[in-house]
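User: I have a structure open and would like to talk through it. Can you take questions as I go?
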Amino acid sequence: MTDSNEYTPPEVWTWDTESGGKFASINRPISGATNEKDLPVGEHPLQLYSMGTPNGVKVTIMLEELLALGIKEAEYDAFYIDISEGDQFSSGFVDINPNSKIPALFDRSTSPGTRVFESAAILFYLAEKFGQFIPTDPAERAECMSWLFWQMGSAPYLGGGFGHFYAYAPSKMEYPINRFAMEVKRQLDVLDKNLMSKPFLSGSEYNISDMATFSWYGWLVMDNLYEAREFLDVASYKNVNRWANEINDRPAVQRGRKVNRTWGPEEGQLKERHHSSDLD
Ligand SMILES: N[C@@H](CCC(=O)N[C@@H](CS)C(=O)NCC(=O)O)C(=O)O
């Protein structure tokens with residue numbers, strides 16, 4: 001291993017705004033709003049404030065799946081929150097997510113309205129509210145929740161760890177790339193072995209644990225997330241590839257993937273969604 005990028009930490013860490021990297025200008029060591037601004041409100045019961053990243057897309061896939069079942073109460077407005085411009089630090093956004101990260105949901109159909117933040121909490125809230133995409137049998141439900149929480153605990157190693165050091169850091173450093181590549185490959189192996197004996201993560205039925213995990217690991221193996229397909233040899237995880245392709249073929253997934261997305265091929269982008277016809 002090379003010893004370049006040697007760093008001696010000071011006695012007390014201080015915030016260096018010039019530290020470099022793709023997110024240097026937006027990340028801060030303090031929480032809370034930086035400006036006073038209300039969020040826009042649309043006409044539907046559910047108001048989503050998000051961006052089409054893997055964490056954001058989990059929720060738009062779920063909403064499109066609910067609408068595909070004919071559940072009109074799942075109609076939603078999806079407003080675009082540009083995290084590279086700091087929209088997540090407006091007072092309106094911080095009111096519904098004190099953690100200043102997309103996605104965040106506000107349900108106007110309850111009185112008073114209900115705020116929900118953290119993508120898994122949003123998936124679970126919607127699954128319970130509409131009684132869909134979550135098993136009712138206690139053992140199956142436990143398995144579904146186990147995989148949902150597995151995803152929430154694991155994906156930061158993929159995104160914040162591997163993705164950050166492999167794709168976003170100002171220079172390539174061997175130690176963190178090695179460490180996180182090993183962990184991501186271990187996670188892919190966990191998924192691959194689990195999917196060897198069943199079609200979906202928690203059994204025979206597609207549910208919120210698949211939606212959450214597809215958005216990260218499905219994109220990694222199918223869409224070349226972080227341009228790491230070759231580096232991580234993702235093709236070798238055959239069961240993950242089979243599962244990801246099957247989920248990707250679902251019409252609601254194709255719709256949900258486009259919402260709040262402003263990059264990639266033009267036909268795959270829809271900055272904001274306010275009517276189902278916006279996606280047609
Ligand atoms: N655990 C959170 C993570 C959300 C998250 O990290 N969102 C990112 C985009 S994928 C974000 O909003 N980043 C903005 C920032 O860090 O300031 C969830 O699953 O909802």
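User: In what sense do strand β1 and strand β3 pair, and over how many bridges?
Analyst: Strands β1 (residues 46–50) and β3 (residues 104–107) pair in the antiparallel sense, over four bridges. Strands are DSSP runs of E with at least two residues, helices are runs of H or I with at least four, and both are numbered from the N terminus. Two strands pair if DSSP finds at least two bridges between them.

User: Before I go on, what kind of model is this?
Analyst: It is a predicted model, where local features need pLDDT of at least 70, side-chain atom pairs count only at pLDDT 80 or more, and totals for chains, interfaces and linings use all residues. Residues are numbered from 1 along each chain as its sequence is written.

User: Back to β3. Which residue there is the bridge partner of L48?
Analyst: L105 is the partner of L48.

User: And what is the strand order in the sheet?
Analyst: The order is β2-β1-β3-β4, in an open sheet of four strands with mixed pairing. β2 (76–80) and β4 (114–117) are the edge strands, each pairing on one side only.

User: Which strands does helix α1 lie across?
Analyst: Helix α1 (residues 54–68) lies across β1, β2 and β3, and runs at about 155 degrees to β1. Axes are lines fitted to C-alpha atoms, for helices over the stretch in contact (C-beta atoms, placed from the backbone, within 7 Å). Angles run from 0 to 180 degrees between N-to-C directions.

User: What about S100, what is its phi?
Analyst: S100 has a positive phi of about 50 degrees, although it is not a glycine. S100 sits in the loop between α2 and β3.

User: Is S100 buried or exposed?
Analyst: S100 is buried, with 22 other C-beta atoms within 10 Å. The cut-offs are 20 or more for buried, 12 or fewer for exposed and partly exposed in between, counting other C-beta atoms within 10 Å, all placed from the backbone.

User: And E227, buried or exposed?
Analyst: E227 counts as exposed, with 9 C-beta neighbours inside 10 Å. E227 also has a positive phi of about 50 degrees without being a glycine, and lies in the loop between α6 (208–222) and α7 (238–248).

User: Last one: how many helices and strands are there in the protein?
Analyst: There are eight helices and four strands.

How values were computed:
Contact = placed C-beta atoms within 7 Å.
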